[in-house]
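The structure is shown first, and the points follow by topic.

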There are 2 protein chains.
Amino acid sequence: MPVDDSQLDRAFAALGDPIRRAMIARLSRGPATVNELAEPFPITTQAISRHIQVLEAAGLITRTRDGQRRPCHLVPAALEALTSWIDEYRLETERRFRRMDAVLATIKEQEK
Amino acid sequence: MPVDDSQLDRAFAALGDPIRRAMIARLSRGPATVNELAEPFPITTQAISRHIQVLEAAGLITRTRDGQRRPCHLVPAALEALTSWIDEYRLETERRFRRMDAVLATIKEQEK
DNA sequence: CCCTTGATCAACTGATGTGTTGAATATAGG
DNA sequence: CCTATATTCAACACATCAGTTGATCAAGGG
C-alpha cells in the first residue's frame with residue numbers, strides 16, 4: 001500500500017503539536033466530539049476545530065455525523081503507516097550497527 | 001526512560017519535512033557529512049545545515065568531528081521513542097475495536 | 001603561509017501555522 | 001416557530017519556518 005509522501009508530511013507534522021497529540025491520546029479511548037476534545041484545553045473551540053481539521057487532513061482521524069455533533073474517530077491504520085516508515089530506517093540502522101560490532105569483534109580477535 | 005514532551009514535538013515536527021525524512025533514509029545506510037547530505041537536493045548548503053540542526057535538536061541524529069567534516073549519525077533509540085508513543089495509542093484503539101466487535105457478535109448471537 | 005574546502009552565522013524575505021474575535025450555519029428541543 | 005447548542009467560516013495578528021545571499025571561521029594541502 002503506497003504511502004503518499006505529502007500524507008506523511010501532514011501526519012508527522014500533525015503529531016508535532018502537543019495539543020493534537022493529546023487529542024490522539026484521548027481518541028484512543030473512544031470517539032469524541034469537538035466540545036469534548038476542547039474541554040481540557042484553555043483555547044477557543046474554533047482553534048480546536050482547526051486542530052481537528054489538521055488531523056483529518058493528515059488521515060489520522062475520520063468524522064461521522066450524530067445530529068449536530070461531529071464525532072471524531074482515530075484511524076489506527078494511519079498510525080501504523082507512520083511506525084512502518086520509522087521502523088524501516090531504525091531497523092536498517094540497527095542491522096548496520098550489529099554488522100559493525102561484528103567487524104570490530106573480528107579485528108579484536110585477530111589482534112590477540 | 002521519560003520522553004520529554006517538547007522532544008516529541010521537535011522529533012515529529014522534524015519528520016514532517018520530506019527533505020529531512022530523505023536525510024533520515026540516507027543516514028540509515030551510514031554516516032554522512034553536510035555536503036553528502038546536501039548533494040541530492042536543489043537547495044543551498046546553508047539550508048541543509050539548518051535542516052541538520054533541526055534533526056539534531058530533535059535528538060534524531062548526533063554529530064561527530066572528522067577534521068573539518070561534521071558527520072551525522074542516526075540515533076535509532078530516538079526513532080524507537082516515536083514508534084513507542086504511536087503504538088501505545090494505536091494498540092489501545094485496536095483493542096477497543098476488537099472489544100466492540102465482540103459485543104456486536106454477542107448481540108447478533110442473541111438475536112437468533 | 002596562502003588558498004581551498006567544509007561548515008556555520010547573520011540578516012532578510014515570503015509562506016505557513018496558531019491563536020484570536022465576530023459572524024454564520026445547522027440541528028435540537030421546548 | 002424560536003432559541004439554544006454544536007460547529008464552522010472569515011478576517012486578522014503574531015510567531016515560526018524554510019529558503020536566499022553574503023560574510024565568517026576553522027581545518028587541510030600545496
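## Interface and helix packing

Chain A and chain B bury about 2800 Å² between them, 70% of it on carbon and sulfur atoms; buried area is the accessible area (1.4 Å probe) that two parts lose on being put together, summed over both. This is a predicted model, in which local features need pLDDT of at least 70 and side-chain atom pairs count only at pLDDT 80 or more, while totals for chains, interfaces and linings use all residues. Residues are numbered from 1 along each chain as its sequence is written, chains are lettered from A and ligands numbered from 1 in the order in which they are written, and side-chain values use heavy atoms, with hydrogens and water left out.

**Make-up of the interface**

- The contact (heavy atoms within 4.5 Å) draws 33 residues from chain A and 33 residues from chain B.
- Eight residue pairs, both members at pLDDT 80 or more, are in polar contact across the interface; such a contact is a pair of N or O atoms within 3.5 Å, where within protein one must be able to donate a hydrogen and the other to accept it, and residues adjacent in sequence count only if both atoms are side-chain atoms.
- On the side of chain A that touches chain B, helices H1 (5-15), H2 (18-27) and H5 (76-111) of chain A each supply at least two residues; helices are DSSP runs (H or I, at least four residues), numbered from the N terminus.
- H5(A) provides the largest share of that side, 15 residues.
- By class, that side of chain A has 17 nonpolar, five polar and eleven charged residues; Ala, Val, Leu, Ile, Met, Phe, Trp, Tyr, Cys and Pro count as nonpolar, Asp, Glu, Lys and Arg as charged, and the others, Gly among them, as polar.

**Salt bridges**

- The structure holds twelve salt bridges over all chains, and four are counted between chain A and chain B; the criterion is a side-chain nitrogen of Lys or Arg within 4 Å of a carboxyl oxygen of Asp or Glu.
- The side chains of B:Arg21 and A:Asp5 form a salt bridge at 3.6 Å, N to O.
- B:Arg21 lies in helix H2 (residues 18-27) of chain B and A:Asp5 in helix H1 of chain A, so the pair joins two chains.

**Packing of H1(A) on H5(A)**

- The axes, lines fitted to C-alpha atoms over the stretch in contact, with angles from 0 to 180 degrees between N-to-C directions, lie 11 Å apart at an angle of about 95 degrees.
- H1(A) is therefore roughly perpendicular to H5(A), a class that covers 65 to 115 degrees.
- A:Leu8, A:Ala11, A:Phe12 and A:Leu15 in H1(A) meet A:Leu82, A:Trp85 and A:Ile86 in H5(A).
- This contact has seven nonpolar, no polar and no charged residues.

How values were computed. Parallel < 35°, antiparallel > 145°, perpendicular 65-115°, else oblique.
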